[in-house]
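Welcome! Here is a short tour of one protein model, written for someone who is meeting it now.

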Amino acid sequence: MATAKHTLALSAVLAFGTATSLAATDPLSAIEWLEKRPKQVVVPITPLNAPEKIDEPPVAGSVTTPEVTVTPLGAPVRAAAGLLPSTVTGLPRTLWGESETDTIVALIEALNVEGKPALQSLLYTLLLAEADPPHDAHTSTFMRARVQKLLALGALDPASALLKRADPAHIDLFDLYFDTALLNGDAHEPCKALSIDPGLSRDLEQRIYCDAQSQNWDNAALTLSTGDAIGALDKIDVALLERFLDPELFEESQLPPALARPTVLQFRLFEAVGEALPTASLPRAFAATDLSGDAGWKPQLEAAERLARVGAISENRLLGIYTSRIPSASGGVWDRVEAIQRLETALKSGDPIAAMKQTRRAWSLMQNAQLQIPFSTLFAQNLLDLPDTGTASDADLITRIALLSPIYEQAARRESSNAAIKAAQSVAIGEPLSDGPHTLYPAIVSAFSGETVPERLKEMAQDARLGEAILRAMSLTAAGSNGDPIAIQNGLGFLRSVGLEDTARRSALQLLLLRMSS
């Protein structure tokens, strides 16, 4: 059976909400998992008797100086920080080994795995893994790239937790520390660090905001007026900070329009002065601020769906938000909310006809919203447990949904006369049939033959550059899914060769089934 360590690792990290579901239990978050680890107990041993006197000369005849390797504390130590140890990820500490930092950073920044859920899962595992940094990591560049990628995906909680592991009160990381804290709604800790060490930031806006947070109003006002006078502050920042510091005095003043891409501080200042910005057009990290529900249920739902598409929140959290209230409108997200709620009710009733009616409707709506993987993960087991309705199309739909879930191997054992389903089932057990209806199916067959592993990637893995090779294979697989059979067979072939069987199988299944018509 395929191992799924990296999938389990992602589930551990992304369980940031709870929901009562028929289909899923709530995994521990990474932080909870780390806190629940059994602590190592050191038991002092007290000798029963004093050691015997050794009869030997008190002076050595020669001195041998041992070699001592000195590792300076600082950037390399911060760069090695992670949330998931090797025992969880299955990846070695030497993951990045002999790779160049600039190369790894470029690969992380360029990698686009949107619409590729299995690759998204593996990417989170790589970003959050505890591993020694690249051999030339003498600055925080590597850590910054990991945190920035997490934020770009909207994974705010993992990004914040990773930063805390890396001692973020450092000049190389402080801007990310400040921004993630603001996005989480509480900048107390970075502001406290800045008050202790003003050298952490040269950003006057941050200093003014932190002075205001600590109620040092006079210093905040003086810094603001001085910065404005010497042209060190943008006009939009001046206007926002003036309104923030003295809302009554500047109440009548006109705020400039928000930038298309505001800074995190500008975003929070607009909110603080009563002009909150919608997050739909902003980067995903901003969407995470709507998960609290403070902006209303609809923004919360839209943010949850947006983040669930890229695996930045767990399917359990999405379900919890879907089922937290009764929808009072229709269309768009409201239809999906109603469909999921009706499906849960139908599954609880035990009526297979009613359950399949609601499954067909919910599946169609979730497919249109590109939320098939969260749906499949939530409901696959319950659908597999339903009594047979006697309709082949119902059985095939259940099989397809289950093949897109973590329990795909169970679905592989079901009967089907559908050629596309049968081909996918053969991939699910790692033994693809020779023919299949998808244009890229021959490339998948070739990848699973074990004969298409690129020599260049094999050499990288052998030369302590495994992480780099995996990133390159992920890039090949992602690009290949758009129609490049050589890239597909090389990418999937390499992932299988280094033991990432679950990622390879699920990537192939998603390629075959996600775009399949209902």
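## The second largest pocket: its lining

Let us begin with a pocket and the kinds of residue around it. In this predicted model, the lining of the second largest pocket is made up of 18 nonpolar, 6 polar and 8 charged residues. The lining has 32 residues, and those nearest the centre of the pocket are Ala287, Ala288, Thr289, Asp290 and Leu291. H16 provides the largest share, with 4 residues.

How much space lies in this second largest pocket? The volume comes to about 570 Å³.

## Helices H24 and H27

Next, take a look at some helix pairs. Helix H24 (residues 441-448) packs with helix H27 (residues 485-497) at an angle of about 30 degrees, and their axes are 8 Å apart. An angle under 35 degrees counts as roughly parallel, so H24 is roughly parallel to H27. Their crossing is right-handed.

On the H24 side, the contact is formed by Ala443, Ile444, Ser446, Ala447 and Phe448. On the H27 side, the residues are Pro485, Ile488, Gln489, Leu492, Gly493 and Arg496. Sorted by class, this contact of H24 with H27 holds 7 nonpolar, 3 polar and 1 charged residues.

## Helices H27 and H28

H27 also meets helix H28 (residues 501-513): their axes come within 7 Å and cross at roughly 150 degrees. Angles over 145 degrees count as roughly antiparallel, and H27 and H28 are therefore roughly antiparallel to each other. The crossing of H27 and H28 is left-handed.

Which residues of H27 and H28 make the contact? From H27 come Ile488, Leu492, Leu495 and Arg496, while H28 brings Glu501, Thr503, Ala504, Ser507, Ala508 and Leu511. By class, the contact of H27 with H28 has 6 nonpolar, 2 polar and 2 charged residues. Ile488, Leu492 and Arg496 of H27 take part in the contact with H24 and also in the contact with H28.

## Helices H25 and H26

Helix H25 (residues 455-462) and helix H26 (residues 466-480) have axes 7 Å apart and pack at an angle of about 155 degrees. Is this pair roughly parallel or roughly antiparallel? The angle makes H25 roughly antiparallel to H26.

Here Arg456, Leu457, Met460 and Ala461 of H25 meet Leu466, Glu468, Ala469, Arg472, Ala473 and Leu476 of H26. The residues in the contact of H25 with H26 include 7 nonpolar and 3 charged ones, with no polar residues.

Definitions and conventions: Residues are numbered from 1 along each chain as its sequence is written. This is a predicted model: local features need pLDDT of at least 70, side-chain atom pairs count only at pLDDT 80 or more; totals for chains, interfaces and linings use all residues. Side-chain values use heavy atoms; hydrogens and water are left out. On a 1 Å grid over the protein atoms alone, a cavity is a set of points where a 1.4 Å probe fits but cannot get out, and a pocket is an open set with protein on both sides within 12 Å along at least five of seven lines; lining residues have an atom within 4 Å of a point. Grid points are joined across faces, edges and corners, and a volume is the space filled by probe spheres set on the points. Helices (H or I, at least four residues) and strands (E, at least two) are DSSP runs, numbered from the N terminus. Ala, Val, Leu, Ile, Met, Phe, Trp, Tyr, Cys and Pro count as nonpolar, Asp, Glu, Lys and Arg as charged, and the others, Gly among them, as polar. Axes are lines fitted to C-alpha atoms, for helices over the stretch in contact, and angles run from 0 to 180 degrees between N-to-C directions. Angles under 35 degrees count as roughly parallel, over 145 as roughly antiparallel, 65 to 115 as roughly perpendicular and the rest as oblique. A crossing is left-handed if the near helix is turned anticlockwise from the far one by less than a right angle, and right-handed if clockwise. Contact means heavy atoms within 4.5 Å.
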